[in-house]
Amino acid sequence: MTDNRFFNRSELIGILVLAVFLVVVLPLTLDVFRLNLVAKYLTYAFVALGLVVCWGYGGILSLGQGVFFGLGGYCMAMFLKLEASSVENTKIQSTPGIPDFMDWNQITALPLFWKPFNSLTFTIAAIILVPGIFALIIGTAMFKRRVGGTYFAIITQAVAAILTILIVGQQGYTGGINGMTDLRTLKGWDIRPDHAKVVLYFFEVGCLFVCIMIAQFIRHSKLGRILVAMREKEDRVRFSGYSVANFKIFAFCIAAVFAAIGGAMFALNVGFMSPSFVGIVPSIEMVIYTAVGGRLSILGAVYGTLLVNFAKTSLSETFPELWLFGLGGLFIAVVLAFPNGLAGIWGDYVQPRIDRLISPRKPKPEGWTDSSVADGAPAE
Amino acid sequence: MFGDYSLGDLGSIFVMQGFAGLILFSVYVLMALGLAIIFGQMGVINMAHGEFMILGAYVTWMTSNFFQAYLPSLFSGYFFLAMILAFVASGALGMLVEWVLIRHLYKRPLDTLLATWGLSLMLQQAYRSVFGAREVGVELPQWMLGSLHVTDSIEVPINGVFVMCLTLLITISVAYVMYKSRWGRQVRAVVQNRIMAGAVGINTEKVDRYTYGLGCGIAGVAGSAFTMIGSTGPTSGQLYIVDTFLVVVFGGAASLLGTIASAFSISQTQSTLEFFMSGSMAKVLTLLAVVGILMLRPQGLFALKVRK
């Protein structure tokens, strides 16, 4: 356990516990179908992580994270779709070699903006850059003019609405309401069979931890402290000579890029992308995950996402009537009673007890395995 | 594009398209007025506003069914009673919600957004459980159905004219209540400085509760009027919430006049564009224009100058 600037000891332990939970416990206990479900949930954890940086630390509530999730997802899906639409696969179409939905919409040539997505390198760059630049434009336009708070939330929501209508409306170019389905291979490697899903799961968890590290780094850097200061008293930070707008733009861009990576993972793991993950409702649900996990907690975001999604799947399978009541109630309860979410409950009630339990002794690895069970319990 | 039409036809198309825009404008104003009070005056982001509207619509639907079954002779006049009931039902629910939920959150405006979103989910599910998932349509009395023939080629639907008159009436009464009455003065005082308003003897909690109730009640009337134009389902409210917020924000949150002006410009832009392109592209362009203008002028069309 090295004590460096970017982790204190309990954070490092928290990250290790999460790593054990995601890399060892879940793959050993769940079948491939359930593991793939976890992979799907974890794609939202990227978004929740971004929201922790942007909303929790920066105080900027964006209700348009679905936009970036969608942009990332569509970039990935466009590449996969092009690969799945090779000339042999699509010879029954009137124009072979273009995606099936274009053929159905009487488009006879690949549109210009689709062409670069034949290249994987370009696609990966686009997954990061397209949402990043888009966020940069929105952020610059808004924050330089000191638009913030509720106005920003409503405008990002409008952007989500616009993008959804656009995707649904331009069926020939985007696949419309059905989205891009039937994604098959990545550079010739089939992404549909079980073993591929397991590999993709581990790849995703790896990416998630990279993002967690970046968030952790931001949090402990001077930048992170300025973000928090800005959230608490924006004017004082401005009077101290910092450019508040630039810090806000940066936080917003980071959140956008995280969301986009999540979206790309979604396209890979779930095998399709549709506008139903772009609009207002999914964007707000993503905020719910962060709020439930604790808007200030990096790891809480991951647990919150898993918890809400597990609850959603199991409740909506067994009591479809109750699910919306449950979700709505959960949201109201979190806002009214637990503004810091799961992480707040953990920090206020569970952590002190564990500390008391183990403080007389020297912390041993076994003691922390216990806490990993307790930690993972809410997510099951 | 215009080649196929004669000059007279073109004139009529523009008049009728303009009229369709006016109906849309009336609906927007009705929806936005309640929100302008709740969001613009109180600063509460009421994401459940659409659901309060839908409650009004369902109340109207129930009233119409009741009249059909028990009082068919009075059916032609049921709409007026329905609107009053819609106002009372939505307003009462609004006051309850304010008491249970909103009053704890005045200091955290962004959290009102999350909490009322949760509320809207619960209300949607409640509607689905009570009224069923299918959309319901209200049967209109005979006198509202036809259309007025202004000239040979121009006709306007009567229910549209009715909605417009209703909007005018409600707008004038809201303006009167907010700007001329004693109570409106109290509301504005509380909005501008809650602590000082309390210090001069205004019961700010009561003012808050009734203001929120009034906003929700107007949403109920808007929903009631809405049944004349479209059908009602449990999730219909969600479709309009972003439009409504944009109307209020675009107009300048604290200004009723701004709300009306922005509802007018947005609805006219949209209905005019709809004639030239598909509905979805017209919507995209309108929203883009609104967002673009808001980026240039974040305070909206009519900004209230207050010292903060």
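This is a predicted model: local features need pLDDT of at least 70, side-chain atom pairs count only at pLDDT 80 or more; totals for chains, interfaces and linings use all residues.
**Entry 1: Leu49(A)**

I began with Leu49(A) and looked up its contacts, leaving out residues up to four places away in sequence; Leu49(A) touches Cys211(A), Ile212(A), Ala215(A), Phe258(A), Ile298(A) and Ala301(A). Residues are numbered from 1 along each chain as its sequence is written, and chains are lettered from A and ligands numbered from 1 in the order in which they are written.

**Entry 2: The nonpolar core**

I then asked which residues have the most contacts inside the largest nonpolar core. They are Leu49(A) and Ala251(A), in a core of 206 residues. Such a core is a set of buried Ala, Val, Leu, Ile, Met, Phe, Trp, Tyr and Cys residues joined through C-beta atoms within 7 Å. A residue is buried if 20 or more other C-beta atoms lie within 10 Å of its own, exposed if 12 or fewer, and partly exposed in between; the C-beta atoms are placed from the backbone. Helix H11 (residues 244-270) of chain A gives the most to this core, namely 21 residues.

**Entry 3: Chain A as a whole**

I recorded 16 helices and 2 strands in chain A. Helices (H or I, at least four residues) and strands (E, at least two) are DSSP runs, numbered from the N terminus. The radius of gyration of chain A is 21 Å, close to the 21 Å that the globule rule gives for 380 residues, so chain A is as compact as a globular protein of that length. The radius is taken over C-alpha atoms, and the rule is 2.2 Å times the number of residues to the power 0.38. Of the 380 residues in chain A, 45% are buried.

**Entry 4: Annotated spans in chain A**

I consulted the unreviewed UniProt entry, which lists several spans of chain A as "transmembrane region", among them 42-64 and 286-310. UniProt positions are given in the numbering used here, feature names are shortened, and annotations may be inferred rather than shown by experiment. Residues 42-64 are 70% helix and 0% strand, with end C-alpha atoms 19 Å apart. For residues 286-310 I noted 84% helix, 0% strand and 14 Å between the end C-alpha atoms.

**Entry 5: Chain B**

I turned to chain B, which has 11 helices and 2 strands, in the order α-α-α-α-β-β-α-α-α-α-α-α-α along the sequence. Of the residues of chain B, 48% count as buried.

Is Ser173(B) buried or exposed? Ser173(B) is exposed, because 11 other C-beta atoms lie within 10 Å. Ser173(B) belongs to helix H5 (residues 158-179) of chain B.

**Entry 6: Where the chains meet**

I found 32 residues of chain B in contact with 34 residues of chain A. Helices H4 (109-131), H9 (236-251) and H11 (279-296) of chain B each supply at least two residues of the side that touches chain A. The largest share, 14 residues, comes from H4(B). By class, this side of chain B has 23 nonpolar, 7 polar and 2 charged residues. Here Ala, Val, Leu, Ile, Met, Phe, Trp, Tyr, Cys and Pro count as nonpolar, Asp, Glu, Lys and Arg as charged, and the others, Gly among them, as polar.

Notes. Two residues are in contact if their C-beta atoms, placed from the backbone, lie within 7 Å.
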